[in-house]
Amino acid sequence: MKQQCAEQGLSAPVFLEGTVFSLKIEDTARPKGSVFRLTIRAPLKTSPLPGQFFMLRAKRSAVLLSRPISVFLFKEENGEGFIDFLILKKGAGTIELSELNRNEKIELLGPLGNCFPIPLSSNKKIAILGGGVGVAPVAGFASTLPSGSFDFFAAFKSGFYALDEIKSENLFLTTEDGSKGEKGMISALFTEEKAKEYSAVYACGPAPMLSYVQKTCQNAGVKSYLSLENRMACGVGACLGCSISTKEGQKRVCKDGPVFEGDILIFESPKSRPLKNVSEEIHADLSVEIAGVTFQNPVIAASGTFGYGSEYEHLIDVDLLGGICSKGLTEEPRAGNMGVRLYETSGGLINSIGLENPGIDHFIEHEMQTMLSKKCVSIANLSGFSVDGYVRGAKKLDSTNMQMIELNISCPNVHSGGMAFGLEAKAAAEVTKAVRSATKKPLIVKLSPNAPHLIDVALSVLEAGADAISLVNTFQALAIDVETGKPVFDNIRAGLCGPAIKPLALRMCYDVVQAINRLDEKKRVPVIALGGIEKWQDAVEFILSGAHAIQVGTATFKNPKAMTEIIDGIRAYMKRKGFRSLSDFRGMAQNC
């Protein structure tokens with residue numbers, strides 16, 4: 001194995017499979033368990049240089065993209081390379097990496113990017129600065145330098161880690177909470193006067209820290225080399241997802257960096273800052289009122305995914321939910337579609353159930369009391385194939401104790417050649433108006449995402465008498481069996497649901513709320529959002545977009561406790577941010 005140096009150029013990256021040699025939690029990091037050291041054994045042909053990184057992804061990964069992780073330390077034994085990575089548990093990808101087992105396979109792409117330039121000989125030392133997990137690449141760089149030829153500055157929010165290998169003349173340590181070293185940020189130790197003591201400065205850390213280091217070095221007349229982080233997909237310069245603005249034009253962090261001369265970088269002020277956490281203990285009220293009906297929390301079981309409540313009552317406490325939507329009910333019983341009904345795809349589920357249900361009369365006599373026995377709100381999902389069929393169904397439900405009706409207008413209108421009522425504003429308004437006249441119960445109208453002009457449909461049903469809107473239903477999709485060469489479903493097309501549709505559903509919810517907010521306040525109605533919601537963060541996103549409540553469907557198949565976990569997550573989020581009610585943050589994203 002040959003050792004490359006900056007003057008000889010960088011070796012081409014390779015895509016290969018490595019093996020987890022060890023995984024160890026950094027005990028001195030705070031919060032405890034937040035940082036871990038992952039050592040990968042891999043048959044590398046060239047050594048990674050200080051400052052370079054790899055794209056990492058577990059072989060059994062559930063995430064789409066590899067994660068860019070800087071090299072911390074590297075050594076060679078018996079022709080094999082051992083690469084150490086320091087990783088902060090932050091999102092799904094890094095959490096997944098933190099749960100790998102010894103000898104488990106991992107995919108690596110690298111080494112990638114450029115490296116820290118070799119310091120020029122000088123009668124002055126250099127300064128090396130690391131902030132948080134950004135200490136890893138600069139600590140790795142420091143390990144290649146002569147002992148005592150540099151000073152090292154490390155800044156952490158709390159605790160410390162990765163300093164054992166550093167042979168600096170002086171080690172300066174600061175923590176924001178004062179748990180170790182001097183209390184404060186990097187500015188408490190590295191000042192303009194201090195910078196003048198060095199021939200060059202090398203740094204890696206969060207953008208605000210690097211911006212400070214850049215300005216400090218410029219004022220001191222000292223050269224700086226800054227290692228940046230950015231989101232990226234490819235790691236090789238193809239996707240341009242990690243491009244940044246510099247005084248020399250657009251640069252790619254993965255290919256032109258991650259190490260840049262500090263003078264060329266343009267640090268933009270953050271457009272938004274995280275909502276602050278609060279220390280006071282508050283009571284978080286999750287209740288919400290929709291069309292005069294009070295829900296104890298905003299989490300509702302979506303139609304067709306939760307039966308009538310009894311199916312899941314031995315797995316979760318159904319009484320904790322905000323509400324339950326029944327299976328789609330039609331005037332007459334339906335056996336549903338023939339052939340394949342479910343087909344799993346990447347990030348989602350395609351279904352072709354075909355509205356199988358016992359009919360409204362059977363529901364009223366047998367299943368309804370099960371729903372009404374629960375403490376949460378009971379909602380009847382009404383489906384049909386003609387306006388008259390919808391109206392007759394609504395009249396039957398109107399005479400019951402069901403608290404609300406959700407009108408599903410994604411069904412095919414047999415009098416319009418099979419086109420769903422919800423695809424066109426006029427047809428949607430017609431059926432909504434007819435059902436509105438047939439029942440005094442609060443009426444939610446469930447919209448189809450397949451409508452070419454969704455906002456027009458939403459405003460038309462609102463004008464026709466909807467008390468609330470729920471969206472979105474499933475997206476029309478297709479699957480083909482590669483062995484037979486034919487579509488999987490008898491009806492060819494079916495409905496896609498699951499996490500894959502969440503970003504689309506969120507955008508549609510945002511757009512519809514935005515349109516409703518432009519109306520006179522007396523004409524506005526609540527929006528209930530659904531589509532790919534599987535965790536509390538998803539639910540909060542929809543509420544921030546303006547939704548009053550959310551529905552959960554496919555996630556329950558994966559995790560029967562998904563809804564109760566979402567409720568707990570929303571409550572914890574509200575307490576942490578100091579929100580006493582949902583209205584405190586509902587629609588906050590609309591105010592941009």
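Colleague: Which elements do the buried residues of H10 pack against?

Modeller: The buried residues of H10 pack against H9, S31, strand S32 (549–552) and H12, where packing rests on contact, that is, heavy atoms within 4.5 Å. Helices (H or I, at least four residues) and strands (E, at least two) are DSSP runs, numbered from the N terminus. The model is a predicted one, in which local features need pLDDT of at least 70 and side-chain atom pairs count only at pLDDT 80 or more, while totals for chains, interfaces and linings use all residues. Residues are numbered from 1 along each chain as its sequence is written, and side-chain values use heavy atoms, with hydrogens and water left out.

Colleague: Why is H10 called largely enclosed by the rest of the structure?

Modeller: A residue is buried under 20% relative accessible area, exposed over 50% and partly exposed in between (1.4 Å probe, protein chains only). By that criterion seven of the 10 residues of H10 are buried, so the helix is largely enclosed; the residues concerned are Asp538, Ala539, Val540, Phe542, Ile543, Leu544 and Ser545. Glycine 546, which follows H10, has a positive phi, near 125°.

Colleague: How do you know that the length of helix H9 agrees with its number of residues?

Modeller: The expected span is 1.5 Å times one less than the number of residues. For the 16 residues of H9 (residues 502–517) this should give 22 Å, and the end C-alpha atoms are 22 Å apart, so the two agree. The cover over the buried residues of H9 includes helix H8 (454–463), strand S26 (468–471), strand S27 (475–478), strand S31 (527–530) and helix H10 (536–545).

Colleague: What makes glutamine 590 a buried residue?

Modeller: Its relative accessible area is 15%, which meets the criterion for buried. Glutamine 590 lies in the segment after helix H12 (562–577), and, leaving aside neighbours within four places in sequence, it is in contact with Tyr510, Val513, Gln514, Asn517, Leu544 and Ser545. Its side chain also reaches the backbone oxygen of tyrosine 510 at 3.0 Å.

Colleague: Why are strand S4 and strand S5 said to stand at the edges?

Modeller: Two strands pair if DSSP finds at least two bridges between them, and the open sheet of seven strands runs S4-S3-S7-S1-S2-S6-S5 with antiparallel pairing. Strand S4 (67–70) and strand S5 (73–77) each have a single partner strand, so one side of each is left without a neighbour in the sheet. Strand S3 (residues 53–58) and S4 meet the pairing criterion with four bridges in the antiparallel sense, and leucine 56 has arginine 67 of S4 as its bridge partner.

Colleague: Why is the pair of phenylalanine 21 and phenylalanine 82 called edge-to-face?

Modeller: Rings of Phe, Tyr and Trp (its six-membered ring) pair if their centres lie within 6.5 Å, and planes under 30 degrees apart count as stacked, over 60 as edge-to-face and the rest as tilted. The structure holds 17 aromatic pairs. In this one the centres are 5.1 Å apart and the planes stand at 80°, so the pair is edge-to-face. It links phenylalanine 21 in strand S1 (residues 14–25) with phenylalanine 82 in strand S6 (residues 80–88), 61 residues apart. Phenylalanine 21 is partly exposed, at a relative accessible area of 31%, whereas phenylalanine 82 is buried, at 7%.

Colleague: What makes the pair of tyrosine 308 and phenylalanine 363 tilted?

Modeller: Their centres are 5.7 Å apart and their planes at 40°, so the pair is tilted. Tyrosine 308 lies in the loop between strand S19 (299–301) and strand S20 (323–325), and phenylalanine 363 in helix H5 (residues 360–372); both residues are buried.

How values were computed: A polar contact is a pair of N or O atoms within 3.5 Å; within protein, one must be able to donate a hydrogen and the other to accept it, and residues adjacent in sequence count only if both atoms are side-chain atoms.
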